[in-house]
Every structure is written in C-alpha cells, then in structure tokens.
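Please look through the model below before reading the comments. They are written for someone new to reading structures.

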Amino acid sequence: MTRDDELQEMREASTASLAAVVGILIGSALAFTAATAPINKLLGSGAAALPAALHGLTAFLYLFVGTIGLYLGWRLMTGRIRAFADLQLLATVSATLSFLAIVAGNWLYIYYRANTPGSPRSYFLTTMPEVHRIFFEFKEFAALFTLPLTVAAAFILWHYGRQVVERRWLRYSVAVLLGLSFFYLVIAFGLGAAVTKLRPA
C-alpha cells in the first residue's frame, strides 16, 4: 500500500468515525428524551411549539458542530491539522444546520410578529421596546450571516481539497470564515435564548 493510499484510508476512517460518534450521540439524546418525556410536554402547548422546538434543536446542534469546526479551523490556520476530511464534513454540516435553523427561525418569526396584543413583539414594544428594537433585530440579522460564511468555507474546502493545507491564504480564509460564522452564531444563540426567557412565542 502506497503512502497516498494510507492517507486516503486514514481520512475515510476518520470521517466515518466522526459521523458515527455524532450519530450515536444525537440518537442517544433523542432516545433518552423520547423515553422520559411525553412529546406534548417536550414541545409545549402554544401554537408556535413546533417551530420553536425545531429552531432550538437545530440551533443547539449547530452550536455543537460549530464549536468543533472552530477548533479544527484554528488547527488549519496554524498548519497543524490532521483531520482535514473531518473539517470538510463539519463545514458542510454547519452550513446545512445554519440553513435549517434559519428556516425554522423564520417560521417561528411568524408567531413572534403576530399582530395580536399577546404576541412577543407586541409585548416587548409595550413593556420593553429596546428588547425588540435592539437585541432581537440585531440577533435576527446576525444569524443570517452564518449561512453565507459557512457555505463559503465549505466551498473552499471541497473545491481546493488538500491545496487548502498547502496554501496559507486558503488556510487563513477558511479559518476566518469559520471564526466569523461562530461569532455570529454565539451572538444569535445567546440573544435568542434571552428573548425566549423573557417572553416565549
């Protein structure tokens, strides 16, 4: 077996192992949750229960995957990455989860902006207008930046392949894209959690 074959086998094994670990973790969490909590209690009773649950789930998974991607991006920037195939996979998964979180968030936004006295937006504008006008509006648009940033990072990683490791400007570009996407993710996640605590949709 040649050196290139060995490297290819290591990359495939690494990616398969990572995918298996993530699948087992998510499957275990879902199985444990389904076995211990009734679905109606898990989702809640409001009209926005389903989009809220999907938005929260995808955002949490994105935060989990994005954290690992941030670490691998730093390893890539410093030229010490060994799990390059893992980074390709994580960047793709991050872009997918970003898209799903945004779709679910826009679905939830319908209930947030409902033109009724009891909607969260009406409540904030009456009692704490700065929560909506500053924090929520900033959170809403900050979250949208994560999608083009992660898509660009995934495109560079798959289009240039191993050339990314050999070219400094490509390494730095991917690392900066992943770092910025994580920054906007954390901002949106934190502000979204705070707004939800103040007034669930």
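1. Basis of the note. This is a predicted model, in which local features need pLDDT of at least 70, side-chain atom pairs count only at pLDDT 80 or more, and totals for chains, interfaces and linings use all residues. Residues are numbered from 1 along each chain as its sequence is written, and side-chain values use heavy atoms, with hydrogens and water left out.

2. Confidence. The average pLDDT (the predictor's confidence in each residue, from 0 to 100) is 84 for the protein, and 86% of the residues score at least 70.

3. Fold. The protein has nine helices and zero strands. Both are DSSP runs numbered from the N terminus: helices are H or I with at least four residues, strands are E with at least two. Of the 201 residues, 34% count as buried; buried means under 20% relative accessible area, exposed over 50%, and partly exposed in between, with a 1.4 Å probe and protein chains only. Among contacts (heavy atoms within 4.5 Å) between residues at least 6 apart in sequence, 74% join residues at least 24 apart.

4. Largest pocket. How much space lies in the largest pocket? The volume is about 910 Å³. Of the 35 residues that line this pocket, H55, L108, K139, G192 and T196 are the closest to its centre. On a 1 Å grid over the protein atoms alone, a pocket is an open set of points with protein on both sides within 12 Å along at least five of seven lines, while a cavity is a set where a 1.4 Å probe fits but cannot get out; lining residues have an atom within 4 Å of a point. Grid points are joined across faces, edges and corners, and a volume is the space filled by probe spheres set on the points.

5. Pocket lining. Helices α3, α4, α6 and α9 each supply at least two residues of the lining of the largest pocket. The lining divides into 23 nonpolar, eight polar and four charged residues. Here Ala, Val, Leu, Ile, Met, Phe, Trp, Tyr, Cys and Pro count as nonpolar, Asp, Glu, Lys and Arg as charged, and the others, Gly among them, as polar. G192 lies in helix α9 and is buried, with a relative accessible area of 15%.

6. Cavity. The structure holds one cavity of 30 Å³ or more. The largest cavity has a volume of about 60 Å³, and its lining has five nonpolar, five polar and no charged residues.

7. Aromatic rings. A search of the whole structure finds nine aromatic pairs. Rings of Phe, Tyr and Trp (its six-membered ring) pair if their centres lie within 6.5 Å; planes under 30 degrees apart count as stacked, over 60 as edge-to-face and the rest as tilted. Y71 and W74 form a tilted pair, 6.4 Å centre to centre with 35° between the planes. Both lie in helix α3, three residues apart. The centres of the Y109 and F136 rings are 5.7 Å apart and their planes are at 5°, so this pair is stacked. Y109 is in helix α4 and F136 in helix α6, 27 residues apart. F136 is buried at 9% relative accessible area, and Y109 counts as buried at 15%.
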